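Colleague: I would like to go through this model with you and ask what stands behind each description. Please show it first.

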Amino acid sequence: MSRLDVRKTYKLYIGGAFPRSESGRSYEVVSATGEFLANAAMGSRKDVRDAVVAARSALAGWSGATPYNRGQVLYRVAEVLEGRRTQFVEEVAASEGSSARAAGAVVDAAIDRVVWYAGWTDKIAQVLGNLNPVAGPFFNVSAPEPTGVVGILAPQGSSLLGLVSVVAPVIASGNTAVVVTSADRPLPAVTFGEVLATSDVPGGVVNIITARTAEVASWLAAHRDVNAIDLTGAAGADGVDWGALEVEAAGNLKRVLRPALADGQPVEPDWSADPGLGRIRAFVETKTVWHPKGL
Amino acid sequence: MVTVSTTTRTAQDLTAQARDVLGVSRLTNHALTSWLHGIPGVDQVGCEARAASLGTRSIKTTSKAWAIDTAIGMIDLTTLEGADTVGKVRSLCAKALVPDPLDPTTPRPAAICVYGDMVATAKAALGDSGIHVAAVATAFPSGRASLPVKLADTRDAVEAGADEIDMVIDRGAFLSGDYLTVFNQIGEVKQACGGAHLKVIMETGELVTYDNVRRASYLSMLAGGDFIKTSTGKVAPAATLPVTLIMLEAVRDWRELTGVQVGVKPAGGIKTTKDAIKYLVMVSEIAGDDWMTPEWFRFGASSLLNDLLLQRQKLATGAYSGADYVTID
């Protein structure tokens, strides 16, 4: 007797739960070679709104956690990713049309990247902060603090390594995130949500929306309760004008991280390169404090 | 400016009217019990299903804009904390006067609801703006005090200038079947209110059954309450849709029966625009549009106003708004 398939329902990840889209819509996800892979939830603007509410309510707890604790949680994410390596290799290979060997290298790089950012959490203040020299009897200290709720357009091409490379630096410093996944390659992102849900990342710290990028991006960019937006995923997204998004983001003076540009056109960066501190620095605010010196 | 009609009747008038409604020659606890227990019971499943189905209406665009403005105008903006200070009451009044500094077309809430000792402060802060001051009285929220204390509490608030009094019923007496005591206390407080408008808080979360909610509604109306109010906000569950539905049916039927219109005020736990709109749909469907004004329907709320303002901003700007654009209360 043959066994019935137990197929996975790919849903959104909002506030630590896995709801279907509020709109009730879904769309077909196909592999790089055009074969049907799964139906994914097609997120709407209201899903984005709910995700922002979840991210906002998670912010106090996550930004208030010690950097040491955030580092441990991120390291735990890497551990759980490692445990699900086989599943991710399959999903990445199917989504990106790469060989199992190449997909394996991508998954390994993604795990290593999470570990790398996990190590950074309690070193950000030392590197980006400073004890400033001033002409007076004061300590003058500059320290980085998280910007707040960060909207992320995840890269369209690199469905796992790219995703991890944009999410980890945002949450490492204590921000919370609303992530709009690659429109055509959303499946590894949903599975990554399952990893987050089972690795001590508090619900709402990362919220993952699978959607047509052009439909929801402007709602996220214009949302007054979002403090920053990463436009990396505008590169290669159908019908997305990153300049227009930056204009909308100006409505509440959001921090904007522009997509990488080549000849004026947005392109997806090389995710295998050394990430540097740029993405952490983009989503922190520097607070400077004067404190009188006593004897 | 909210106009409120207050019926001033003496205790004798109230009792006489009650005898009339009950069809008895003497108003005894036995007579009240027979009458209240003769009211048809509530179909719990049907009531909850009806409340849930009314909550599914889709209210969008211009209707939503109208509903938001109407709801703002119906709010009794409330602060009832032991830690209330003069400064906090003043800032709440300032918020009532200018709910949204970014948009001067925003309507004002109907009233400020405070403890009795803060009435003078609120009154001074609101001036002649037309926003009412409502005071909770009668040993709010428990109601566990002797009648003279409750009456003194009420008179104190009225003398300080309260336009509306929110009293709590004696739930202990109600639950033990001593309806006459509850009736008499409401009547006495009504006298003590003078020209002030009386809202009777039934604390439905403590009444256990829907049948009791219906009986308490009728008893409060019989005793001369100008408004029936669900809850103090200090007991969970506070206002719920099914309970409000029963109260709206009661005021509708009461007007059929006696010709007297009584208002309804759900209070506690109404935090979002979506919730508020569900209540408005219910008012329209159950009681009718005659109740669709601040004179006859109020929300007892504090955080609801901010959510309504955020939704209002969303409609005005087209972008979702955030907590940075409203005050922190």
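Colleague: How do you know that strand β5 and strand β8 of chain A pair?

Modeller: The model is a predicted one. Two strands count as paired when there are at least two bridges between them. Strand β5 (residues 149-153) and strand β8 (residues 228-230) of chain A have three bridges, in the parallel sense, so by that cut-off they pair. Within this pair, Gly151(A) is opposite Ile229(A) of β8(A).

Colleague: Which sheet of chain A has parallel pairing, and what is its strand order?

Modeller: It is an open sheet of five strands, in the order β7-β6-β5-β8-β9 (chain A). The twist from one strand to the next averages 15°.

Colleague: Why is one side of β7 and of β9 of chain A left without a neighbour in the sheet?

Modeller: Because β7 (206-209) and β9 (255-257) of chain A each have a single partner strand, they stand at the edges. Helix α6 (residues 161-172) of chain A lies across β5, β6 (176-180), β7 and β8 of chain A, at about 165° to β6(A).

Colleague: Why is chain A called as compact as a globular protein of its length?

Modeller: Chain A has 10 helices and 12 strands. Its radius of gyration is 19 Å, and the globule rule gives 19 Å for 295 residues, so chain A is as compact as a globular protein of that length. Along the principal axes, the C-alpha atoms of chain A fill a box of roughly 85 × 40 × 40 Å. Of its 295 residues, 49% count as buried. Among contacts between residues at least 6 apart in sequence, 78% join residues at least 24 apart.

Colleague: What describes the packing of α5 and α6 in chain B?

Modeller: An angle and a distance between axes are used to describe two packed helices. For helix α5 (residues 86-97) and helix α6 (residues 119-126) of chain B, the angle is about 35° and the axes are 9 Å apart. Their crossing is right-handed. Residues in the contact include Val89(B) and Cys93(B) of α5(B), and Ala122(B) and Leu126(B) of α6(B). By class, this contact has eight nonpolar, one polar and one charged residues.

Colleague: How many residues of chain B are in contact with chain A, and of which classes?

Modeller: Seven residues of chain B are in contact with eight residues of chain A. The chain B side has four nonpolar, two polar and one charged residues.

Notes. Residues are numbered from 1 along each chain as its sequence is written. Chains are lettered from A and ligands numbered from 1 in the order in which they are written. This is a predicted model: local features need pLDDT of at least 70, side-chain atom pairs count only at pLDDT 80 or more; totals for chains, interfaces and linings use all residues. Two residues are in contact if their C-beta atoms, placed from the backbone, lie within 7 Å. Ala, Val, Leu, Ile, Met, Phe, Trp, Tyr, Cys and Pro count as nonpolar, Asp, Glu, Lys and Arg as charged, and the others, Gly among them, as polar. Helices (H or I, at least four residues) and strands (E, at least two) are DSSP runs, numbered from the N terminus. Axes are lines fitted to C-alpha atoms, for helices over the stretch in contact, and angles run from 0 to 180 degrees between N-to-C directions. The radius of gyration is taken over C-alpha atoms; the globule rule is 2.2 Å times the number of residues to the power 0.38. A residue is buried if 20 or more other C-beta atoms lie within 10 Å of its own, exposed if 12 or fewer, and partly exposed in between; C-beta atoms are placed from the backbone. A crossing is left-handed if the near helix is turned anticlockwise from the far one by less than a right angle, and right-handed if clockwise.
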